Amino acid sequence: MNLSKFAENSSKLQDKYSSSWGGLIETYRPYLPVNNTTPVVTLLEGNTPLISTPSIASYIGRGVKVLVKYDGLNPTGSFKDRGMTLAISKAKEAGEKAVICASTGNTSAAAAAYATRGGMRAFVIIPDGYVALGKLAQALVYGASVIAIKGNFDEALTIVKDLANSYPVTLVNSINPYRLQGQKTAAFEIVDVLGNAPDWLCIPVGNAGNITAYWMGFSEYYQEGKCDRLPKMMGFQAAGAAPLIKKQPIPNPETVATAIRIGNPANWTKALKVQQESGGEFNSVTDEEILEAYRILAAKEGIFCEPASAASVAGLLKVKDQIPNNATVVCVLTGNGLKDPDSAIKNCQNPIHSEVSPDLEEVAKIMGF
Ligand code: F0G
(Lines give C-alpha, C1' and ligand atoms only; values in the text may rest on other atoms or scores of the structure.)
Protein backbone atom coordinates (compact mmCIF):
# COMPACT_ATOMS: atom_id res chain seq x y z
CA MET A 1 0.00 0.00 0.00
CA ASN A 2 1.44 3.42 -0.87
CA LEU A 3 1.79 6.07 1.77
CA SER A 4 -1.08 8.34 0.71
CA LYS A 5 -3.45 5.35 0.55
CA PHE A 6 -2.31 4.39 4.04
CA ALA A 7 -2.96 7.94 5.32
CA GLU A 8 -6.42 7.94 3.73
CA ASN A 9 -7.26 4.60 5.34
CA SER A 10 -6.01 5.57 8.75
CA SER A 11 -7.97 8.82 8.68
CA LYS A 12 -11.10 6.83 7.78
CA LEU A 13 -10.35 4.58 10.72
CA GLN A 14 -9.97 7.65 12.95
CA ASP A 15 -13.37 8.95 11.75
CA LYS A 16 -14.89 5.60 12.52
CA TYR A 17 -13.44 5.65 16.02
CA SER A 18 -14.49 9.24 16.62
CA SER A 19 -18.03 8.46 15.63
CA SER A 20 -18.19 5.57 18.09
CA TRP A 21 -16.91 7.50 21.14
CA GLY A 22 -16.04 11.17 20.91
CA GLY A 23 -15.33 11.81 24.58
CA LEU A 24 -17.80 12.73 27.26
CA ILE A 25 -18.52 16.31 26.20
CA GLU A 26 -19.66 15.12 22.76
CA THR A 27 -21.59 12.20 24.24
CA TYR A 28 -23.43 14.11 26.96
CA ARG A 29 -23.46 17.58 25.35
CA PRO A 30 -27.16 18.35 26.16
CA TYR A 31 -26.46 17.83 29.85
CA LEU A 32 -23.34 20.00 29.99
CA PRO A 33 -22.77 23.77 30.05
CA VAL A 34 -21.21 23.98 26.57
CA ASN A 35 -22.30 25.57 23.33
CA ASN A 36 -21.24 25.27 19.69
CA THR A 37 -18.37 27.68 20.14
CA THR A 38 -16.85 26.00 23.20
CA PRO A 39 -13.46 24.61 22.15
CA VAL A 40 -13.60 20.98 23.28
CA VAL A 41 -10.33 19.88 24.84
CA THR A 42 -10.53 16.11 25.05
CA LEU A 43 -8.46 12.95 25.29
CA LEU A 44 -11.59 10.84 24.65
CA GLU A 45 -12.11 10.29 28.37
CA GLY A 46 -15.09 8.46 29.85
CA ASN A 47 -16.84 5.30 28.61
CA THR A 48 -15.04 3.31 31.31
CA PRO A 49 -16.13 -0.26 32.05
CA LEU A 50 -18.61 -1.37 34.67
CA ILE A 51 -17.23 -4.76 35.69
CA SER A 52 -18.99 -7.38 37.77
CA THR A 53 -16.95 -8.65 40.73
CA PRO A 54 -18.30 -12.05 41.81
CA SER A 55 -15.55 -12.60 44.42
CA ILE A 56 -16.53 -9.44 46.23
CA ALA A 57 -20.22 -10.41 45.97
CA SER A 58 -19.41 -13.83 47.44
CA TYR A 59 -18.37 -12.15 50.72
CA ILE A 60 -21.92 -10.80 50.93
CA GLY A 61 -24.16 -13.49 49.42
CA ARG A 62 -27.98 -13.08 49.57
CA GLY A 63 -28.21 -12.44 45.82
CA VAL A 64 -26.37 -9.10 46.06
CA LYS A 65 -24.74 -8.07 42.77
CA VAL A 66 -21.52 -6.02 42.96
CA LEU A 67 -20.00 -4.11 40.05
CA VAL A 68 -17.07 -1.72 39.93
CA LYS A 69 -16.93 1.43 37.83
CA TYR A 70 -13.28 1.24 36.80
CA ASP A 71 -12.49 4.91 36.24
CA GLY A 72 -8.77 4.20 36.48
CA LEU A 73 -9.04 3.45 32.75
CA ASN A 74 -9.39 7.12 31.85
CA PRO A 75 -6.59 8.70 29.76
CA THR A 76 -4.52 9.89 32.74
CA GLY A 77 -5.63 6.96 34.91
CA SER A 78 -8.25 8.57 37.13
CA PHE A 79 -11.78 10.01 37.23
CA LYS A 80 -10.29 13.52 37.28
CA ASP A 81 -10.21 13.49 33.47
CA ARG A 82 -14.01 13.74 33.44
CA GLY A 83 -13.93 17.03 35.28
CA MET A 84 -10.83 18.30 33.61
CA THR A 85 -12.05 18.01 29.99
CA LEU A 86 -14.85 20.43 30.88
CA ALA A 87 -12.90 22.74 33.22
CA ILE A 88 -10.10 23.16 30.68
CA SER A 89 -12.48 23.56 27.72
CA LYS A 90 -14.33 26.32 29.61
CA ALA A 91 -11.05 27.99 30.63
CA LYS A 92 -9.98 27.98 26.98
CA GLU A 93 -13.35 29.36 25.92
CA ALA A 94 -12.82 32.22 28.40
CA GLY A 95 -9.40 32.90 26.88
CA GLU A 96 -7.44 31.85 29.97
CA LYS A 97 -3.76 31.13 29.56
CA ALA A 98 -2.93 29.22 32.76
CA VAL A 99 -4.57 26.97 35.33
CA ILE A 100 -3.66 26.03 38.87
CA CYS A 101 -4.64 23.32 41.33
CA ALA A 102 -3.72 21.85 44.68
CA SER A 103 -3.50 18.10 44.51
CA THR A 104 -2.78 14.80 46.19
CA GLY A 105 -1.65 13.74 42.70
CA ASN A 106 -4.45 12.78 40.36
CA THR A 107 -5.89 16.25 39.83
CA SER A 108 -2.40 17.50 39.03
CA ALA A 109 -1.86 14.76 36.44
CA ALA A 110 -5.19 15.49 34.74
CA ALA A 111 -4.79 19.29 34.92
CA ALA A 112 -1.31 19.01 33.42
CA ALA A 113 -2.42 16.75 30.56
CA TYR A 114 -5.55 18.70 29.59
CA ALA A 115 -3.89 22.12 29.98
CA THR A 116 -1.11 21.01 27.65
CA ARG A 117 -3.65 19.72 25.16
CA GLY A 118 -5.56 22.99 25.36
CA GLY A 119 -2.39 25.08 24.88
CA MET A 120 -2.35 26.41 28.44
CA ARG A 121 0.19 26.37 31.26
CA ALA A 122 -0.48 24.33 34.40
CA PHE A 123 0.79 25.05 37.90
CA VAL A 124 0.32 22.33 40.48
CA ILE A 125 0.89 22.62 44.21
CA ILE A 126 1.41 19.29 45.97
CA PRO A 127 2.20 18.12 49.51
CA ASP A 128 5.91 17.29 49.44
CA GLY A 129 6.57 13.57 49.90
CA TYR A 130 2.91 12.51 49.83
CA VAL A 131 2.19 12.12 46.15
CA ALA A 132 2.46 8.65 44.57
CA LEU A 133 5.35 8.29 42.14
CA GLY A 134 3.30 7.68 38.99
CA LYS A 135 1.23 10.82 39.55
CA LEU A 136 4.31 12.96 40.11
CA ALA A 137 5.89 11.52 36.97
CA GLN A 138 2.75 12.37 34.98
CA ALA A 139 2.59 16.01 36.08
CA LEU A 140 6.28 16.48 35.25
CA VAL A 141 6.16 14.73 31.87
CA TYR A 142 2.99 16.56 30.77
CA GLY A 143 4.99 19.73 31.38
CA ALA A 144 3.35 21.30 34.45
CA SER A 145 5.25 23.53 36.88
CA VAL A 146 5.26 21.36 39.98
CA ILE A 147 5.61 23.14 43.32
CA ALA A 148 5.94 20.84 46.35
CA ILE A 149 5.08 22.58 49.63
CA LYS A 150 6.10 21.64 53.14
CA GLY A 151 2.48 21.18 54.13
CA ASN A 152 -0.56 19.00 53.46
CA PHE A 153 -3.28 19.13 50.79
CA ASP A 154 -5.53 21.41 52.83
CA GLU A 155 -2.77 24.00 53.12
CA ALA A 156 -2.04 23.68 49.40
CA LEU A 157 -5.72 24.32 48.62
CA THR A 158 -5.75 27.49 50.72
CA ILE A 159 -2.73 28.80 48.81
CA VAL A 160 -4.11 28.06 45.34
CA LYS A 161 -7.42 29.75 46.15
CA ASP A 162 -5.49 32.90 47.15
CA LEU A 163 -3.25 32.68 44.07
CA ALA A 164 -6.24 32.35 41.74
CA ASN A 165 -7.78 35.44 43.36
CA SER A 166 -4.60 37.49 42.95
CA TYR A 167 -3.10 36.35 39.63
CA PRO A 168 -4.30 35.45 36.11
CA VAL A 169 -4.61 31.71 36.76
CA THR A 170 -7.85 29.68 36.75
CA LEU A 171 -8.50 27.34 39.65
CA VAL A 172 -9.32 23.80 38.49
CA ASN A 173 -9.89 22.10 41.83
CA SER A 174 -13.36 20.69 42.41
CA ILE A 175 -14.61 24.04 43.71
CA ASN A 176 -14.56 24.98 40.03
CA PRO A 177 -18.20 24.11 39.14
CA TYR A 178 -17.27 22.75 35.69
CA ARG A 179 -15.27 19.97 37.34
CA LEU A 180 -18.36 18.49 39.00
CA GLN A 181 -20.43 18.97 35.84
CA GLY A 182 -17.93 16.82 33.94
CA GLN A 183 -17.64 14.23 36.70
CA LYS A 184 -21.42 13.70 36.90
CA THR A 185 -21.20 11.86 33.55
CA ALA A 186 -19.91 8.77 35.37
CA ALA A 187 -23.38 8.40 36.92
CA PHE A 188 -24.93 8.74 33.43
CA GLU A 189 -22.70 5.95 32.13
CA ILE A 190 -23.70 3.64 34.99
CA VAL A 191 -27.41 4.18 34.33
CA ASP A 192 -26.88 3.83 30.56
CA VAL A 193 -25.33 0.39 31.14
CA LEU A 194 -27.57 -0.92 33.93
CA GLY A 195 -30.77 0.55 32.53
CA ASN A 196 -31.44 2.01 35.98
CA ALA A 197 -29.60 3.46 38.96
CA PRO A 198 -27.99 0.95 41.35
CA ASP A 199 -29.47 0.50 44.83
CA TRP A 200 -26.22 1.61 46.43
CA LEU A 201 -23.24 3.61 45.23
CA CYS A 202 -20.07 3.15 47.30
CA ILE A 203 -17.42 5.79 46.76
CA PRO A 204 -14.16 6.97 48.36
CA VAL A 205 -14.38 10.51 49.74
CA GLY A 206 -11.58 13.05 50.05
CA ASN A 207 -12.54 16.57 49.10
CA ALA A 208 -16.10 15.26 48.51
CA GLY A 209 -16.36 16.58 44.95
CA ASN A 210 -16.94 13.22 43.30
CA ILE A 211 -19.76 12.08 45.60
CA THR A 212 -21.45 15.43 44.92
CA ALA A 213 -20.97 15.03 41.17
CA TYR A 214 -22.37 11.47 41.08
CA TRP A 215 -25.45 12.56 43.00
CA MET A 216 -25.95 15.44 40.56
CA GLY A 217 -25.71 12.96 37.67
CA PHE A 218 -28.14 10.44 39.11
CA SER A 219 -30.59 13.19 40.07
CA GLU A 220 -30.55 14.76 36.59
CA TYR A 221 -31.09 11.40 34.92
CA TYR A 222 -33.92 10.68 37.36
CA GLN A 223 -35.61 13.96 36.44
CA GLU A 224 -35.25 13.06 32.75
CA GLY A 225 -36.91 9.69 33.40
CA LYS A 226 -33.74 7.76 32.49
CA CYS A 227 -33.93 5.88 35.81
CA ASP A 228 -36.84 5.31 38.16
CA ARG A 229 -34.92 5.27 41.42
CA LEU A 230 -31.97 6.96 43.08
CA PRO A 231 -29.13 5.18 44.87
CA LYS A 232 -28.23 5.37 48.51
CA MET A 233 -24.91 7.22 48.47
CA MET A 234 -22.36 5.51 50.72
CA GLY A 235 -19.19 7.58 51.18
CA PHE A 236 -16.03 6.13 52.74
CA GLN A 237 -13.10 8.00 54.20
CA ALA A 238 -9.80 6.62 55.51
CA ALA A 239 -9.90 6.36 59.31
CA GLY A 240 -6.90 8.69 59.73
CA ALA A 241 -8.47 11.29 57.42
CA ALA A 242 -12.16 11.14 58.27
CA PRO A 243 -13.44 14.66 59.00
CA LEU A 244 -16.96 13.87 57.75
CA ILE A 245 -17.28 11.01 60.24
CA LYS A 246 -15.57 12.84 63.09
CA LYS A 247 -17.67 15.90 62.19
CA GLN A 248 -14.67 18.19 62.53
CA PRO A 249 -11.60 19.08 60.45
CA ILE A 250 -8.54 16.85 60.99
CA PRO A 251 -5.42 19.04 61.22
CA ASN A 252 -2.91 16.26 60.45
CA PRO A 253 -4.62 13.60 58.30
CA GLU A 254 -2.70 10.36 57.75
CA THR A 255 -3.45 7.31 55.60
CA VAL A 256 -1.77 4.91 53.20
CA ALA A 257 -4.40 6.11 50.71
CA THR A 258 -2.55 9.37 49.97
CA ALA A 259 -5.11 10.43 47.33
CA ILE A 260 -7.70 10.95 50.09
CA ARG A 261 -5.32 12.28 52.76
CA ILE A 262 -7.53 15.33 53.30
CA GLY A 263 -8.59 16.83 56.63
CA ASN A 264 -10.94 19.62 55.59
CA PRO A 265 -12.99 18.80 52.46
CA ALA A 266 -13.77 21.76 50.20
CA ASN A 267 -17.22 20.30 49.37
CA TRP A 268 -18.17 19.48 52.97
CA THR A 269 -21.59 21.14 52.96
CA LYS A 270 -22.54 19.70 49.57
CA ALA A 271 -21.53 16.21 50.74
CA LEU A 272 -23.78 16.44 53.80
CA LYS A 273 -26.66 17.42 51.54
CA VAL A 274 -26.01 14.36 49.34
CA GLN A 275 -26.04 12.13 52.39
CA GLN A 276 -29.34 13.58 53.61
CA GLU A 277 -31.08 13.61 50.22
CA SER A 278 -30.04 10.06 49.33
CA GLY A 279 -30.54 8.53 52.75
CA GLY A 280 -26.87 7.56 52.61
CA GLU A 281 -24.07 7.36 55.13
CA PHE A 282 -20.44 8.26 55.70
CA ASN A 283 -18.24 5.64 57.30
CA SER A 284 -14.53 5.22 57.82
CA VAL A 285 -12.27 2.32 56.86
CA THR A 286 -8.87 1.58 58.35
CA ASP A 287 -5.71 1.36 56.26
CA GLU A 288 -5.68 -2.41 56.89
CA GLU A 289 -9.24 -2.73 55.55
CA ILE A 290 -8.35 -0.59 52.52
CA LEU A 291 -5.29 -2.73 51.74
CA GLU A 292 -7.24 -5.96 52.17
CA ALA A 293 -9.84 -4.80 49.63
CA TYR A 294 -7.01 -3.60 47.36
CA ARG A 295 -5.44 -7.07 47.44
CA ILE A 296 -8.75 -8.90 46.91
CA LEU A 297 -9.57 -6.73 43.88
CA ALA A 298 -6.19 -7.40 42.28
CA ALA A 299 -5.60 -11.03 43.24
CA LYS A 300 -9.17 -12.34 42.93
CA GLU A 301 -10.72 -10.13 40.27
CA GLY A 302 -7.70 -9.03 38.21
CA ILE A 303 -8.52 -5.37 38.84
CA PHE A 304 -5.66 -3.12 39.91
CA CYS A 305 -6.77 0.12 41.49
CA GLU A 306 -4.93 2.54 43.75
CA PRO A 307 -5.34 2.25 47.54
CA ALA A 308 -7.74 5.23 47.85
CA SER A 309 -10.06 3.63 45.30
CA ALA A 310 -10.20 0.38 47.26
CA ALA A 311 -11.80 2.34 50.12
CA SER A 312 -15.14 1.95 48.29
CA VAL A 313 -14.92 -1.85 48.33
CA ALA A 314 -13.44 -1.93 51.85
CA GLY A 315 -16.41 0.16 52.97
CA LEU A 316 -18.92 -2.07 51.23
CA LEU A 317 -17.48 -5.13 52.98
CA LYS A 318 -17.53 -3.30 56.29
CA VAL A 319 -21.23 -2.43 56.17
CA LYS A 320 -22.33 -5.47 54.15
CA ASP A 321 -24.96 -6.56 56.67
CA GLN A 322 -26.96 -3.42 55.89
CA ILE A 323 -27.36 -4.25 52.17
CA PRO A 324 -30.83 -5.45 51.18
CA ASN A 325 -31.14 -8.92 49.62
CA ASN A 326 -30.69 -8.98 45.82
CA ALA A 327 -29.50 -5.37 45.72
CA THR A 328 -27.26 -4.03 42.96
CA VAL A 329 -24.23 -2.19 44.30
CA VAL A 330 -21.71 -0.16 42.30
CA CYS A 331 -18.32 0.62 43.86
CA VAL A 332 -16.36 3.42 42.23
CA LEU A 333 -12.69 2.65 41.55
CA THR A 334 -11.40 6.16 41.08
CA GLY A 335 -7.77 5.59 40.07
CA ASN A 336 -5.44 3.07 38.45
CA GLY A 337 -3.14 0.90 40.55
CA LEU A 338 -0.19 1.73 38.30
CA LYS A 339 -0.23 5.23 39.76
CA ASP A 340 1.30 3.97 42.98
CA PRO A 341 3.81 1.16 42.38
CA ASP A 342 5.53 1.76 45.75
CA SER A 343 2.38 0.97 47.73
CA ALA A 344 1.70 -2.01 45.48
CA ILE A 345 5.02 -3.70 46.10
CA LYS A 346 5.19 -2.75 49.77
CA ASN A 347 1.73 -4.10 50.57
CA CYS A 348 1.72 -7.16 48.38
CA GLN A 349 1.89 -10.56 50.08
CA ASN A 350 3.17 -12.29 46.96
CA PRO A 351 6.98 -12.59 47.28
CA ILE A 352 9.50 -12.20 44.45
CA HIS A 353 11.76 -15.24 44.10
CA SER A 354 15.06 -13.40 43.71
CA GLU A 355 18.72 -14.31 43.31
CA VAL A 356 17.74 -17.39 41.32
CA SER A 357 20.34 -18.99 39.02
CA PRO A 358 19.42 -19.18 35.33
CA ASP A 359 19.16 -22.94 35.67
CA LEU A 360 16.23 -25.01 34.38
CA GLU A 361 16.08 -27.33 37.36
CA GLU A 362 16.32 -24.58 39.91
CA VAL A 363 13.57 -22.52 38.24
CA ALA A 364 11.33 -25.59 37.80
CA LYS A 365 11.78 -26.46 41.47
CA ILE A 366 10.58 -23.01 42.51
CA MET A 367 7.63 -23.45 40.18
CA GLY A 368 6.72 -26.57 42.14
CA PHE A 369 7.57 -29.12 39.44
N1 F0G B 1 -9.91 8.62 44.74
C2 F0G B 1 -8.81 9.12 44.16
C3 F0G B 1 -7.93 8.17 43.43
C4 F0G B 1 -8.52 10.49 44.24
O5 F0G B 1 -7.44 10.97 43.63
C6 F0G B 1 -9.38 11.35 44.96
C7 F0G B 1 -9.11 12.77 45.09
C8 F0G B 1 -10.52 10.78 45.55
C9 F0G B 1 -10.75 9.41 45.42
C10 F0G B 1 -11.51 11.57 46.31
O11 F0G B 1 -12.31 12.33 45.48
O12 F0G B 1 -11.84 14.53 46.49
O13 F0G B 1 -13.75 14.22 44.92
O14 F0G B 1 -13.80 13.24 47.22
N15 F0G B 1 -8.05 13.30 44.69
C16 F0G B 1 -7.77 14.74 44.68
C17 F0G B 1 -6.49 15.02 43.96
C18 F0G B 1 -7.87 15.38 45.99
O19 F0G B 1 -5.84 16.04 44.21
O20 F0G B 1 -6.14 14.27 43.05
P21 F0G B 1 -12.99 13.67 46.06
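Predicted model: local features only at pLDDT ≥ 70, side-chain atom pairs only at ≥ 80, totals over all residues.

Let me begin with a definition: a charge sits over a ring if NZ of Lys or CZ of Arg is within 6 Å of the ring centre and within 35 degrees of the ring normal. Arg261 lies over the face of Tyr130, at 3.5 Å from the ring centre.

Residues are numbered from 1 along each chain as its sequence is written, and side-chain values use heavy atoms, with hydrogens and water left out.

I turn now to ring pairs. A pair of aromatic rings is described by the distance of the centres and the angle of the planes. Rings of Phe, Tyr and Trp (its six-membered ring) pair if their centres lie within 6.5 Å; planes under 30 degrees apart count as stacked, over 60 as edge-to-face and the rest as tilted. How many aromatic pairs does a search of the whole structure find? The search finds six. One of them, Tyr31 with Tyr221, is edge-to-face, at 5.5 Å centre to centre and 65° between the planes. This pair links distant parts of the chain, 190 residues apart: Tyr31 is in the loop between α2 (24-27) and β1 (50-52), and Tyr221 is in helix α10 (residues 209-223). Helices (H or I, at least four residues) and strands (E, at least two) are DSSP runs, numbered from the N terminus.

Phe188 and Tyr221 have ring centres 4.3 Å apart and planes at 15°, so this pair is stacked. Because Phe188 lies in helix α9 (residues 185-194) and Tyr221 in helix α10, the pair ties together parts 33 residues apart in sequence. Are these two residues buried or exposed? Tyr221 is buried, with a relative accessible area of 2%, and Phe188 is buried at 0%. Buried means under 20% relative accessible area, exposed over 50%, and partly exposed in between (1.4 Å probe, protein chains only). Ring pairs link Tyr28, Tyr31, Phe188 and Tyr221 into a cluster.

Finally, the backbone. Most residues other than glycine have a negative phi. Lys247, however, has a positive phi near 60°; Lys247 lies in the loop between α11 (243-246) and α12 (268-278).
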